[in-house]
Amino acid sequence: MDAIIIENVSKSYGEALAVADVSLSIRVGELFGLIGPDGAGKTTLFKILVTLLLPDAGRATVVGRDVVRDYKDLRQRVGYMPGRFSLYPDLSVQENLAFFATVFGTTIRQNYHLIQEIYSQLEPFKNRRAGQLSGGMKQKLALCCALIHKPEVLFLDEPTTGVDAVSRKEFWDMLRKLNERGLTTLVSTPYMDEADRCDRIAFMQTGRVLAVDQPSVITNRFRKPLFAVRAADTYRLIQDLRQAPFTESCYSFGEFLHLTVRSGGVTDLQIGQYLLDKNHRNIEIQPIQPGIEDTFMALMNQPEPTA
Amino acid sequence: MGKAVITNQLTKKFGDFVATNAITFDVEQGEIFGFLGANGAGKTTAMRMLCGLLKPSSGQASVAGFDVYRQSEKIKQNIGYMSQRFSLYEDLTVRENIRFYGGIYGLRRAEIPAKTDQILAKLGIESVANSLVAALPLGWKQKLAFSVALLHEPKIVFLDEPTGGVDPITRRQFWDLIYEAAHQGTTVFVTTHYMDEAEYCNRVSIMVDGRMKALDTPAGLKTAYGVDSMDAVFQILARGTSTK
Amino acid sequence: MNRFIAFVKKEFFHILRDRRMLLILFGLPLVQVLLFGFALTNEIKNARIAILDNDKSQHSQQITAKLLASGYFQLRENLRSNTDIERAFRRGLIKLAVVFPAGFTADFEHGRNAQIQLLADATEQNTAISLTNYASAIIRDYTTDLNPTSQPPMVIDVRSRMVFNPELKGAFVFVPGVMAMVLLLVSALMTSVTIARERETGTLEVLMVSPLSQGQILLGKVVPYLLLSFLNGCIIIALGVFALNVPLNGSLALLLAETLLFIFLALSIGIFISSVVETQLVAMFASLMAMLLPTIFLSGFIFPIESMPKPLQIVSNIIPAKYFIAIVKGIMIKGAGLRYLWQPTLVLVGMSLFFTVLSLRNLKPRLS
């Protein structure tokens with residue numbers, strides 16, 4: 001049986017529909033990513049799964065327990081790290097961890113093996129107040145606090161938001177190690193480049209799931225030809241390509257522009273000629289395979305299913 | 001065309017802690033200058049000194065031709081600033097926010113309505129001109145905040161993580177605005193955690209532990225470190241410092 | 001039990017590490033009591049007066065001496081004519097003028113209607129009333145001392161008669177008021193703010209997704225403040241008794257029990273507020289607006305309830321502090337027991353039950 005099963009769950013706040021008819025299943029032992037921008041409904045969905053909110057419609061189970069009916073039982077079994085690292089800034093690293101351990105009826109000593117690898121990095125600062133830690137360290141401490149009671153499923157809501165690229169990478173390395181020990185983990189993130197670190201991902205946008213699959217498979221849904229284009233004057237290049245008759249969309253991607261064309265018939269030579277006519281210099285054009293972000297953007301631009 | 005920012009051995013200490021350690025760099029007028037670094041590397045401190053909000057401990061710096069020690073008021077009049085927390089009033093409408101900031105930045109009363117219409121048209125948000133800012137999607141707020149920071153046509157605009165949390169398309173639309181501003185001669189000084197955004201900058205600096213470890217074009221940095229992305233450059237430079 | 005102790009310990013860490021919190025908790029009561037007790041009393045000391053003695057007799061000089069010996073008055077000047085009086089008032093030199101008319105002694109000794117005129121600067125209404133009251137009382141004393149047997153021949157109509165607080169001692173009125181205010185502030189404001197803070201930092205979410213029940217979370221948050229508030233109450237009582245010489249005529253045990261009851265009520269209001277607000281700031285404003293201001297203005301603490309407009313008098317009935325102040329005054333000054341105080345006590349019990357039930361009903365195992 002799957003670790004998390006979500007069936008047609010909806011939730012709105014007044015007029016605003018936060019989660020719209022979402023169905024997903026997350027397998028035992030999976031590292032599953034919920035990927036989408038702010039306001040996509042990720043946090044609301046998380047809160048429903050950790051029994052903090054009631055869904056308006058639909059049902060969901062976590063490790064076989066209903067999130068509405070069996071909420072008390074479930075609360076013993078999940079680890080939850082909300083959006084902002086929920087620590088007590090005026091308590092020390094050690095005091096925070098000890099407090100959360102006691103709340104969950106355990107001790108640091110009893111479950112130290114679960115967090116040892118992460119906590120060892122924090123140990124030199126164990127008497128420092130949590131409020132004075134750097135973003136990356138807070139993130140690690142919050143993770144320790146969520147792990148200390150040996151949860152069966154770990155829910156991490158945007159654990160890497162506002163954290164620098166190095167700390168983010170280290171954090172994902174930690175999640176992968178935890179996952180290798182069999183911990184089912186659901187992570188949400190607005191960073192598309194983190195999708196590759198997950199076993200499977202779900203794209204979310206305005207309360208809906210746009211697609212669910214393995215990161216490598218999901219990019220196959222991108223059907224139109226894609227080119228990476230570069231020239232000396234990037235600003236003028238964007239303007240000109242967007243006005244080109246063959247262009248479906250054109251966005252900056254790192255040092256290149258990613259150009260999606262309307263039909264398969266357009267070749268890089270035609271594009272090159274068009275740009276030469278517009279007096280561009282140092283033109284570079286190559287057909288490329290779409291990445292996660294290309295796919296997400298393409299899916300976003302699809303007309304929404306009629307409500 | 002002079003330099004938009006000139007710093008020489010710019011340093012800020014808080015007690016024994018050296019937040020920004022003798023950084024020296026120039027930013028050209030009209031350049032998009034990426035200011036990267038891990039959390040706590042000293043970016044915010046440096047940016048505050050350049051904006052005239054914090055007095056340096058030592059070293060020199062001038063912004064838009066004004067000295068950070070003696071002319072911080074002049075600097076404030078000649079720069080725009082937008083932080084990740086925006087600067088808009090959530091409980092005012094879009095129009096009221098523009099009018100308010102127009103007044104703050106000394107725009108003439110008669111200019112403001114035209115400016116307002118111009119911004120609304122450019123962002124395509126005429127329909128929400130009289131809605132409260134609180135009701136706007138995050139991406140719209142960010143674009144509006146950027147436009148407001150440019151209201152008084154500053155020589156240089158400082159953007160502190162301007163694109164956090166929005167979808168990839170909105171993020172790129174925001175960068176379109178940055179390109180446009182730079183194209184019109186405004187210097188853009190920007191911090192970000194998105195490494196692909198670092199590639200959009202003309203030049204990128206990377207701060208590590210208060211020092212400026214690298215400064216070059218994205219292509220130059222990638223060649224120098226023999227890697228194929230700015231993310232890789234960042235990982236090499238900033239590694240080992242995040243656990244300090 | 002282990003969890004509960006850990007929770008309380010954590011709460012004490014929060015309080016002890018926050019200097020502002022400590023200051024509010026322990027500095028505030030001290031400052032309030034001393035401020036209200038010493039500085040802001042409506043008690044009068046050394047008010048500057050002027051004497052216009054047109055009689056220049058032994059009686060007039062003795063009365064003057066008695067007035068000045070009381071400690072309430074200080075002689076600013078001796079006047080020569082009625083026009084001097086006006087001048088002295090205009091220049092704000094004096095608060096009160098005492099005028100002995102010519103022929104005062106003659107009238108006095110012949111049992112005729114002897115008059116002394118008291119003129120008070122009524123721009124400060126309360127002071128003026130107090131001053132004339134004091135002066136009339138002292139003058140009346142003089143006549144009774146002089147002729148203990150006979151009818152007082154001087155006709156000075158002294159209408160006001162002060163019971164329990166013949167000298168209008170400010171501390172008697174203010175100590176119970178300050179106690180009510182500080183206890184409300186510490187208990188209600190602090191609890192509501194601290195719960196709102198957990199909501200803001202997101203730690204409340206984590207606690208909710210733990211085996212702890214909502215009731216346990218609340219209890220853990222409230223118990224430290226119950227202890228601290230009680231300690232505070234004791235400090236204020238001690239300050240009142242030892243520093244401000246407020247009598248403690250009734251039972252100390254009863255006083256402490258009533259204090260505990262009031263703290264319990266304040267805490268339940270605090271929890272109620274925290275259950276309906278989201279942020280620390282709102283919690284703070286809600287507590288201040290809903291509790292502190294009414295306590296100051298409508299409980300009879302500063303303005304007598306009897307002199308309020310009728311609608312406000314009705315509103316004052318729902319102010320918890322009104323009952324607590326009445327109880328504390330009753331116990332400390334009048335020495336009353338529960339036999340006389342059961343009514344306000346019952347009201348406090350009722351209010352506590354009301355807010356406790358309301359808060360418990362608001363307890364949901366989930367957000368929103």
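This is a predicted model: local features need pLDDT of at least 70, side-chain atom pairs count only at pLDDT 80 or more; totals for chains, interfaces and linings use all residues.
Biologist: How many helices and strands does chain A have?

Modeller: Helices (H or I, at least four residues) and strands (E, at least two) are DSSP runs, numbered from the N terminus. The C-alpha atoms of chain A fill a box of roughly 70 × 45 × 35 Å along the principal axes. Within chain A there are 10 helices and 14 strands.

Biologist: How far apart do the centres of domain 1 and domain 2 of chain A lie?

Modeller: Domain bounds come from an automatic or database domain assignment. In chain A, domain 1 covers 4-219 and domain 2 covers 223-289. Their C-alpha centres are separated by 39 Å.

Biologist: Is helix H10 of chain A enclosed or open, and how many of its residues are buried?

Modeller: Buried means under 20% relative accessible area, exposed over 50%, and partly exposed in between (1.4 Å probe, protein chains only). The buried residues of H10(A) include A:Ile292, A:Phe296, A:Leu299 and A:Met300. Helix H10 (residues 292-301) is largely enclosed by the rest of the structure, because the buried count is eight of the 10 residues.

Biologist: What phi does A:Thr206 have?

Modeller: A:Thr206 sits in the loop between strand E9 (200-205) and strand E10 (208-213) of chain A. A:Thr206 is partly exposed, with a relative accessible area of 41%. Although A:Thr206 is not a glycine, its phi is positive, at about 40°.

Biologist: What share of the residues in chain A is buried?

Modeller: Contact means heavy atoms within 4.5 Å. Of the contacts in chain A with a separation of 6 or more, 69% are between residues 24 or more positions apart. Among the 307 residues of chain A, the buried share is 58%.

Biologist: What radius of gyration does chain B have, and why does it agree with a compact globule?

Modeller: The radius of gyration is taken over C-alpha atoms, and the globule rule is 2.2 Å times the number of residues to the power 0.38. The C-alpha trace of chain B spans about 50 × 40 × 35 Å along its principal axes. For 244 residues a compact globule would have a radius near 18 Å, so chain B agrees, at 18 Å.

Biologist: How far apart are the centres of the positive and negative side chains in chain B?

Modeller: Lys and Arg count as positive and Asp and Glu as negative, while His and the chain ends are not counted. The place of a charge is taken as NZ of Lys, CZ of Arg, CG of Asp or CD of Glu. Chain B has 27 positive and 25 negative side chains, and the centres of the two sets lie apart by 6 Å.

Biologist: Which residues of chain A are in contact with B:Glu199?

Modeller: B:Glu199 lies in the loop between helix H7 (195-198) and strand E9 (203-208) of chain B. B:Glu199 counts as buried, at 12% relative accessibility. Leaving aside neighbours within four places in sequence, B:Glu199 is in contact with B:Pro218, B:Lys222, B:Ser229 and B:Met230, and in chain A with A:Gly254 and A:Glu255.

Biologist: Is B:Glu153 buried or exposed?

Modeller: The loop between helix H5 (138-149) and strand E7 (156-160) of chain B holds B:Glu153. B:Glu153 has a positive phi of about 50° although it is not a glycine. At 59% relative accessibility, B:Glu153 counts as exposed.

Biologist: What distance separates the C-alpha atoms of C:Tyr134 and C:Leu260?

Modeller: C:Tyr134 belongs to helix H6 (residues 125-146) of chain C. C:Tyr134 is buried, with a relative accessible area of 6%. C:Tyr134 and C:Leu260 are 126 residues apart along the chain, and their C-alpha atoms are separated by 38 Å.

Biologist: What separates the centres of the two domains of chain C?

Modeller: The domain assignment of chain C gives domain 1 (2-40 + 170-362) and domain 2 (47-146). Taken over C-alpha atoms, the centres of domain 1 and domain 2 of chain C are separated by 46 Å.

Technical notes: Residues are numbered from 1 along each chain as its sequence is written. Chains are lettered from A and ligands numbered from 1 in the order in which they are written. Side-chain values use heavy atoms; hydrogens and water are left out.
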